[in-house]
Amino acid sequence: MSELLQVVQVHKNFRIDQGLLRKPLSFHALKGVSLSIDKGATFGLIGESGSGKSTLGRIIASLMPADAGQLLYKGCAYDPSIDFSNPEFRNSLQIVFQMASNPLDPLRTIEQLLADPLKLSGKVAPSGHDKEIERLLGLVRLPKSYRYRFPLQLSGGERQRICIARALATQPEFLILDEPVSALDVSVQGQIMNLLLDLKSEMDLTYLFITHDLHLANKFCTHIGVMKSGLIVEQGAVKDIMQNPKHEYTKQLLGKKVFV
């Protein structure tokens, strides 16, 4: 496999205002994070809340700039604050958020919500949008008739399927999955995870899977990186880390059945 994404010594600080009479605080969310993801891999980024994993995902997705470091996609360096305006890059790399953090406009139909990324990507001619919307619904295992429904007429799992369909509308190669099932019922989680596995195979996708769920990471990922306080303390093949963790923090996490 060839490297699709490289993250090299990425730093991110957040300024925390304390009011007019107090000096602002600085929170160092990422402290020189480095990782590489091969094409076709599913790289799991695991860690407790506040470890920096979602911040890293947003930087890779060009939703916020890094303060230092380098990002390379297909061997070419890119600046998240600039290159997301590049249609080729924007179409190739998409993100799916946790359902609770990714609301769909309740006043727009599913057809309208899927048409937006199609228009932005420019990969399908307007005359082909109707057929493409039906294809996208089929990809996420929803009936064609759902195009006329509104988000509030769908279940939580169905709405997350629409969010996945929106991400797929640009025909990406790389998907960032930021806690994509954590807000869903356990039974629905399995359905969505199976869908993502099927899509990965069908569309030759590469995933960055951000999660706090070790069971999902073990089942779903080929490689994992363990984050603690803005650093990746251990990374490698999922079987190696799960069966023989090296870092004390990883051992602690594996000793917990659930961590948040």
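Which residue just after helix 1 takes a positive phi? Ser62 does, at about 65 degrees. The model is predicted: local features need pLDDT of at least 70, side-chain atom pairs count only at pLDDT 80 or more, and totals for chains, interfaces and linings use all residues. Numbering runs from 1 along each chain as its sequence is written, and side-chain values use heavy atoms, with hydrogens and water left out.

**View A. Helix 1 (residues 53–60) is mostly covered.** Helices are DSSP runs of H or I, at least four residues; strands are E runs, at least two. Six of the eight residues are buried (under 20% relative accessible area, 1.4 Å probe, protein chains only; exposed is over 50%). They are Lys53, Thr55, Leu56, Gly57, Ile59 and Ile60.

**View B. Helix 7 (residues 186–203) has a buried side.** Val188, Gln189, Ile192, Met193, Leu195, Leu196, Leu199 and Lys200 are buried. They cover an arc of only 155 degrees around the axis, which puts them on the same side of helix 7. The arc is that of directions from the helix axis to the C-beta atoms. Ser187 and Ser201, on the other side, are exposed.

**View C. Helix 7 packs against several elements.** Its buried residues meet strand 3 (42–46), helix 5 (129–139), helix 6 (156–168), strand 7 (174–178), strand 8 (206–211) and helix 8 (214–220). Contact means heavy atoms within 4.5 Å. Just after helix 7, Asp204 takes a positive phi of about 55 degrees.
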